[in-house]
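Subject: Structure handover

Hello,

Here is the structure I promised to pass on. Please open it first, then read my notes below.

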Amino acid sequence: MFSNNAVKAVILSSLLVLAGLAPIHANAACQLVSTKDGSPLDIKVTPEDTPEAKEFLATCVNPYTKRAVADADVAKSGKKLFGYWSCTQCHGGNAGGQTGPSATDATWQYSKHITDKGIFETVAGGSNAGMPTWHSQPAGNPELLKTDEILRIIGWLRTMYAGGGDKPWLNETPQK
Ligand code: HEC
């Protein structure tokens, strides 16, 4: 069934992985940076993470963004979390802005917010100008949000976008 060479190749690649010499898929990681100072934003995969959270932390692509367009229930789950975590208090019920800025117009606080990675970095790690740190890991508070919850919120926010022009977040590809 398998040729001798194929068997040898499998054995060789297994040995390289064991020796730590070959890249394995599980090592792929999205390099998140803090919006505050550009330093690495250390968010790790946890055993409780959903497949979607794991996919994002490996590729920087938020699987909920495309899904929320096609499935109103996915979008709704993000909107619900936006209310549950009181994001509404600063950004308004539909994220159109209140004391905090609108998250649905074409005016982004940081240019990187046209990517889901960039917006995730600001929501997860906070900013120097009034956006709190929401992710449980950088906040050091297990009561706060998990990766999956932030991704669902972003998926919903993208469906609320009313700023016109391109929607580059619908065409993101996994980082290499
Ligand atoms: C205490 C008020 C406050 C709360 C609560 C709050 N934010 Fe913010 N948010 C801000 C401020 C202020 C900014 C602008 C930060 C800056 O420019 O550095 C911001 C920025 C943002 C942006 C970027 C908007 C843009 O136009 O670029 C997003 C997205 C966002 N917040 C999402 C959230 C989410 C999701 C939650 C809830 C988990 C939340 N915010 C809760 C105050 C708040």
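**Overall make-up**

The protein chain has eight helices and zero strands. Helices (H or I, at least four residues) and strands (E, at least two) are DSSP runs, numbered from the N terminus. In order from the N terminus, the elements read α-α-α-α-α-α-α-α.

Two notes on the ground rules. This is a predicted model: local features need pLDDT of at least 70, side-chain atom pairs count only at pLDDT 80 or more, and totals for chains, interfaces and linings use all residues. Residues are numbered from 1 along each chain as its sequence is written.

Of the 176 residues in the protein chain, 27% count as buried. A residue is buried if 20 or more other C-beta atoms lie within 10 Å of its own, exposed if 12 or fewer, and partly exposed in between; C-beta atoms are placed from the backbone. Two residues are in contact if their C-beta atoms, placed from the backbone, lie within 7 Å. Among contacts in the protein chain with a separation of 6 or more, 63% join residues 24 or more positions apart.

**Helix 8**

Helix 8 covers residues 147–159 and has 13 residues. From first C-alpha to last it reaches 19 Å, close to the 18 Å expected. The expected span is 1.5 Å times one less than the number of residues.

Eleven of the 13 residues are buried, so helix 8 is largely enclosed by the rest of the structure. Among the buried ones are I150, L151, I153, I154 and W156. Their cover includes helix 2 (51–59), helix 3 (63–70), helix 4 (72–84) and helix 6 (116–125).

Helix 3 packs on helix 8 at about 50 degrees, with the axes 8 Å apart. Axes are lines fitted to C-alpha atoms, for helices over the stretch in contact, and angles run from 0 to 180 degrees between N-to-C directions. That angle makes helix 3 oblique to helix 8 (under 35 degrees is roughly parallel, over 145 roughly antiparallel, 65 to 115 roughly perpendicular, the rest oblique). Residues making the contact include Y64 and A68 of helix 3, and L151 and G155 of helix 8.

**Listed site**

UniProt, in an unreviewed entry, lists C87, C90 and H91 under "binding site". Such annotations may be inferred rather than shown by experiment; positions are given in the numbering used here, and feature names are shortened.

C87 sits in the loop between helix 4 and helix 5 (88–91). C87 is buried, with 22 other C-beta atoms within 10 Å. C90 is in helix 5. C90 counts as partly exposed, with 15 C-beta neighbours inside 10 Å. Leaving aside neighbours within four places in sequence, C90 is in contact with Q98, T99 and G100.

Best wishes
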